[in-house]
Amino acid sequence: MKLKSKHIAPMVLAFFIIGIAGTMLLNLWSTELGKVPAQYQSGEFEGEYDPSDIRGSYTFEDISKAFEIPVEDLAKAFGFTDTPDPNIIKAKDLEETYGSLEQGELGTDSIRLFVAFYKGLPFMAEEKTLIPRLAVSILKEKANLTEEQKTILKERTISLSELRPSETEGEAQVATEHETTEEFVIKGNTTFQELLDFGITQEEIEKIFGMPMGKPGEALRDYATNNGVEFSEFKAALEALVASKKQ
Amino acid sequence: MGKKKSDYTRLYVQIFFFALIAVISINHTLAEQGKSTIPFLSSASLHALCPFGGVVTIYEYFVSGRFIKKIHESSWILMWITFALTLVFGPVFCGWVCPFGAFQEWFGKIGKKIFRKRYNHFIPYGLDRWLRYLRYIVLVWIVYVTAITGKIVFADYDPYFVLFNFWTGEVALIGVILLLVIISMSLFVERAFCKYGCPLGAVLGIFNFFRIFSIKRNTTTCIDCGACTRNCPMNIHVDTGGTVRNHQCITCMQCTSEHACPVDDTVELMTGRMEVAK
């Protein structure tokens, strides 16, 4: 049996069309990445979703559905409280938001670590993985952490307010639990996240500025300049608020 | 025997697949940017539309039952469709479908205009013969590194990805450099990447040893003019044997009596025994 070009062309197309259409009918064809993580195949946690399979493309909503963790906890833990719809935040957005850091990485693996400890599931984080202080606070409140897990978290805790690369200037930023609120001073490069971390609420901030709060990582002076106002006009009010919180 | 009529069937198929992938890639970019997309057309990522994604995840799939990161079910299915197609007709995927192969081929026409008969014959046969096995080293390296890391580590080096994503800003510099090197090489060597670097071509090339339809030469009617060999973009010596079992054949059919061979029914894509003229 001999074949010519005029035979090959339709056969090539037919293979692909029939193959793709057939698998579509069988619900096997997908050009989207699955949003359900793999499950543990054996052992104590067999059948449960494995946090190590959380992908960068997973949204907070995907993670919330799979692991039954409230989206609010995820948003708060990773500094997305001011986002209108935290459901659509993707794990990989952390890297884009906080950038690469000298002291480690805050990204998808940080979410895996948070989820694993939140649910009490086994997980070995990558060497440079960091976790926000707020996330640690939530874990301490809602998870049954072992001493070993507490030690791991302590070594990897970082304050979100310290994550802007332009402000770190190469200094080691990993926070320690010895930091006290007494050291907090309002400066031009203080960020909204630092205010939130300190305990000032979004409402209090917006009341002082008289307009919606900026992004968590935004410096107060930048925010003021971008909105056509002087930072110094608000500094005194913020300092007074900080002082009242210290008491 | 006589002058052959030009046949553009393969070119049309190549243009179709090249345009399809290009438009889907643009659609994907639009979707990523939250802009309105081209209706009735997929906005899948390039990773979802490459059968090689299936190849690199074979190990992970059989060990853990899941795909490596960024690999989709569609890649897995396209791999099996391509394998089936190749088992029957040989690597027609390379010769007819692959947009990157087509791109090199079209670019190579410039080199053909410039260098004429010297084109595609710059590398000495002795050296070229061994360089052809480089793509197997590339294949083994990619499969191995992917298996131990669970990530598509070659993504940054993938010139095919760069070709259809250079406008996104997501391509790595090393990938851009590799693409430029391949484009430059295409001016001297036809399908340089296919010959020396393509890991998917390496896999599909193995099918040449047991494919159902093969390129066969009728040694009794052959006039030994060498037209088949001269026209082979992969520099295969079609005129020295009966059935082409070379791992580099891409079933482009340029050597056949339909195209280069001046004698009818002498070089054919066929199955079964070649009838010997009495």
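Predicted model: local features only at pLDDT ≥ 70, side-chain atom pairs only at ≥ 80, totals over all residues.
Local features require pLDDT of at least 70 and side-chain atom pairs count only at pLDDT 80 or more, while totals for chains, interfaces and linings use all residues. Residues are numbered from 1 along each chain as its sequence is written, and chains are lettered from A and ligands numbered from 1 in the order in which they are written. The contact between the chains takes 20 residues from chain A and 28 residues from chain B, two residues being in contact if their C-beta atoms, placed from the backbone, lie within 7 Å.

**The side of chain A that touches chain B**

- Strand 1 (2-3) and helix 1 (5-25) of chain A each supply at least two residues of this side; helices (H or I, at least four residues) and strands (E, at least two) are DSSP runs, numbered from the N terminus.
- Helix 1 of chain A gives the largest share, 9 residues.
- By class, this side of chain A has 11 nonpolar, 5 polar and 4 charged residues. Here Ala, Val, Leu, Ile, Met, Phe, Trp, Tyr, Cys and Pro count as nonpolar, Asp, Glu, Lys and Arg as charged, and the others, Gly among them, as polar.

- An open sheet is formed by 3 strands in the order 1(A)-2(B)-1(B), with antiparallel pairing; two strands pair if DSSP finds at least two bridges between them.
- The edge strands, each pairing on one side only, are strand 1 of chain A and strand 1 of chain B.
- Strand 1 of chain A runs antiparallel to strand 2 (residues 267-270) of chain B and is joined to that strand by 2 bridges.
- Lys2(A) has Met270(B) as its bridge partner, and Leu3(A) stands opposite Leu269(B).
- Within chain B, strand 1 (residues 214-217) and strand 2 pair in the antiparallel sense over 4 bridges. Ile215(B) is partnered by Leu269(B), and Lys216(B) by Glu268(B).
- Strand 1 of chain B is covered on both faces, with Ser214(B) and Lys216(B) buried on one side and Ile215(B) and Arg217(B) buried on the other. A residue is buried if 20 or more other C-beta atoms lie within 10 Å of its own, exposed if 12 or fewer, and partly exposed in between, with C-beta atoms placed from the backbone.

**Helix packing between the chains**

- The axes of helix 1 of chain A and helix 4 (residues 73-89) of chain B come within 10 Å and cross at roughly 150 degrees. Axes are lines fitted to C-alpha atoms, for helices over the stretch in contact, and angles run from 0 to 180 degrees between N-to-C directions.
- This crossing is right-handed; a crossing is left-handed if the near helix is turned anticlockwise from the far one by less than a right angle, and right-handed if clockwise.
- Helix 1 of chain A contributes Ile8(A), Val12(A), Phe15(A), Phe16(A), Gly19(A) and Thr23(A) to the contact, and helix 4 of chain B contributes Ile77(B), Ile81(B), Ala84(B), Leu85(B) and Phe89(B).
- The class count for this helix contact is 9 nonpolar, 2 polar and no charged residues.

**Helix 4 of chain B**

- The buried residues of helix 4 of chain B include Trp76(B), Ile77(B), Ile81(B), Leu85(B) and Phe89(B).
- Their cover includes helix 1 of chain A together with helix 2 (52-56), helix 5 (92-97) and helix 12 (199-206) of chain B.
- Gly90(B), whose phi is positive, near 85 degrees, follows helix 4 of chain B.

**Helix packing within chain B**

- Helix 1 (residues 9-32) and helix 6 (residues 99-115) of chain B have axes that come within 9 Å and cross at roughly 115 degrees, and the crossing is left-handed.
- Gln14(B), Phe17(B), Phe18(B) and Ile21(B) of helix 1 of chain B meet Pro99(B), Ala102(B) and Phe103(B) of helix 6 of chain B.

**Chain A overall**

- Chain A has 12 helices and 3 strands, and 29% of its 247 residues count as buried.
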